[in-house]
Amino acid sequence: MDLLAGIKVVSFNHFLAGPLGAQILADLGADVIALEPPEGAFHRNWAVANHFVGGQSVNFLSTGRNKRSLAVDLKSTAGREVVARLLRGADVVMENFRPGTMEKLGLGYEALREANPRLIYAAAYGYGSSGPYKDRPGQDLLLQALSGLAARTGRADGPPTPVGAVVVDQHAAMIYAMAILAALFSRERTGKGRLVEVNLFQAALDLQTEALTAWVNGARAASPRGPGGIASWFSGGPYGIYATADGHLALSMSPPGVIGQALDVPELAAMSEGDAFARREEIARLVTERLPQRPTAEWLPGLEKHKVWHAPMQDYEDLQSDPQLQHLGAFITTDGATGHPVTLISHPARYDGEVPRVRLVPQPLGAQSRDILAELGFTPEEMEGMKRDGAVNWPEALA
C-alpha cells in the first residue's frame with residue numbers, strides 16, 4: 001500500500017494510543033521509524049495478561065507492524081545527534097510524552113519548526129498540553145471514569161462498569177492518525193507544517209457524542225444506566241442483551257410490537273412504537289422473562305422472519321471462525337520476527353478493494369538501527385563507536 005509513500009514519520013510514542021496511531025500511518029505506506037531507548041519502550045517489555053509470543057509482548061505485536069526500529073539513547077550526545085539528523089528529513093514527528101518532556105530534550109515544536117517549517121508535529125496527551133489536569137496520568141480506565149463512560153455503562157441496579165476493551169486509547173489513536181492526515185493534506189496545499197494535538201479525555205467524550213449531545217440538550221432518564229437488560233440510559237426497550245436458555249441475544253432498535261410477535265408475547269405485541277421509551281422497563285421485563293424459555297438457536301428463525309434487529313452473543317473464541325470476518329480477512333497469521341507464528345488484527349479499511357499488507361512484522365528492538373544510521377550518513381566505524389558507548393543499539397544477531 002503506497003498511499004503515504006515518501007512520507008517519513010519519526011515516532012517517539014509509547015504505551016498504546018501513540019504507537020497504534022503510528023501503525024495506521026505505517027499501514028498506509030509511510031516510512032515510520034519507531035525510536036526506542038536501548039532497553040526498549042514500555043509496550044515492548046510489558047504485556048497485558050503477561051503474555052509474550054516468541055519473546056515479543058502482545059502489546060508490541062498489536063502496534064508494531066510495518067515500522068522500522070531505531071534504538072537510541074536521547075540522553076546521550078551522540079544519540080541526540082542521530083535524532084537531529086533524522087528529524088531534518090522528517091515529514092511528521094509523533095510523541096505522547098507528558099507535556100514539556102520534548103521541550104526538555106530540545107525537541108519541542110517551536111525548536112523543530114524553526115529547523116523544518118514543513119514539519120507536522122503531532123502530540124497525544126492524556127488531558128491536553130495545558131490546564132489543571134495536564135500532569136495527571138492519562139490511562140484508559142481513568143478516562144472512562146472521568147468522562148462518564150463507566151457511569152453510563154452497566155445495569156441500573158449495578159455499579160458503574162468500565163468497557164472491557166481499552167476503547168479510549170484505541171479511539172484516540174484513530175483521531176491521532178486522522179488529524180495527522182488532515183495536516184499533511186493542508187501542507188500539500190500551503191507548504192506549511194503545523195502543530196496537531198489530541199488528548200484521551202476528549203477522545204472519551206467523542207466516543208459518546210450521541211449520548212452526550214442528548215444529555216447536554218436536556219434529555220434525561222430516571223437512571224444513569226439502563227434498566228433490566230437495556231444497554232443505555234437513552235434507549236427505548238428492549239435495546240440490550242438478554243439471557244436465553246443456553247446463551248445470550250442482543251436485541252436492537254425494532255418496535256416492541258414486532259418483537260412481541262417474534263417472541264410470541266401478546267402483551268408486548270400490543271404495544272406501539274411510541275411505547276418503546278416510556279414503557280422500556282416493562283418491555284425489558286417481558287423480554288427477560290420470555291427468552292430463557294428456549295435456546296438461542298430456536299429464537300433466531302422468528303426474529304429473522306419478523307426482521308427484528310438481533311445478534312447472537314459471540315465471545316473472542318468465536319471470532320476467527322465467524323464467516324464474515326473470514327471473508328474480510330480480519331485476522332492475519334504470519335511468521336513473527338522471532339520465528340513464532342503470530343496473529344495480527346488487520347488494518348480496518350480497504351483502498352480500491354485492497355487491505356494494506358504486512359510489509360514488516362513487529363521488529364526486534366533496533367533491527368533497523370544500522371540501516372537508518374547509514375541513511376543518515378554515519379560510517380560503520382561511527383556506528384560501532386556509538387553502540388559501544390550505549391548511544392544506539394541493535395540485536396547482536398544482526399551484527
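The model is a predicted one. Helix α9 spans residues 200–207, the second largest pocket has a volume of about 660 Å³, and His43 belongs to helix α2.

**Helix α9**

- The buried residues of helix α9 include Leu200, Ala203 and Ala204.
- Viewed down the axis of α9, its buried residues lie within an arc of 100°, so they line one face of the helix.
- This pattern can be related to helix geometry: an α-helix has 3.6 residues a turn, so residues three or four places apart point the same way.
- The buried residues of α9 are covered by several elements, among them the helices α1 (17–27), α7 (140–146) and α8 (167–190), and the strands β7 (120–125) and β8 (194–199).
- Where α9 starts, a side-chain oxygen of Asn199 comes to within 3.1 Å of the backbone nitrogen of Phe201.

**The second largest pocket**

- The volume of this pocket is about 660 Å³, and 29 residues line the pocket.
- Closest to the centre of the pocket are Glu210, Ser232, Phe234, Ser235 and Tyr239.
- Helix α10 (residues 209–216) contributes the most to the lining, with 5 residues.
- By class, the lining consists of 15 nonpolar, 11 polar and 3 charged residues.

**His43**

- His43 is part of helix α2, which covers residues 42–45.
- The relative accessibility of His43 is 6%, and therefore His43 counts as buried, the cut-off being under 20%.
- Beyond its neighbours within four places in sequence, His43 is in contact with Asn13, His14, Phe15, Pro19, Ser57, Asn59, Phe60 and Thr63.

Technical notes. Residues numbered from 1 in each chain as written. Predicted model: local features only at pLDDT ≥ 70, side-chain atom pairs only at ≥ 80, totals over all residues. Heavy atoms only, no water. Helix = DSSP H or I, 4+ residues; strand = E, 2+ residues; numbered from the N terminus. Buried < 20%, exposed > 50% of the residue type's maximum accessible area, 1.4 Å probe, protein only. Contact = heavy atoms within 4.5 Å. 1 Å grid on protein atoms, 1.4 Å probe; cavity = no way out; pocket = protein on both sides within 12 Å on 5 of 7 lines; lining within 4 Å. Points joined across faces, edges and corners; volume = space filled by probe spheres on them. Nonpolar A, V, L, I, M, F, W, Y, C, P; charged D, E, K, R; others polar. Arc of directions from axis to C-beta. Polar contact = N/O pair within 3.5 Å; in protein donor to acceptor, adjacent residues only side chain to side chain.
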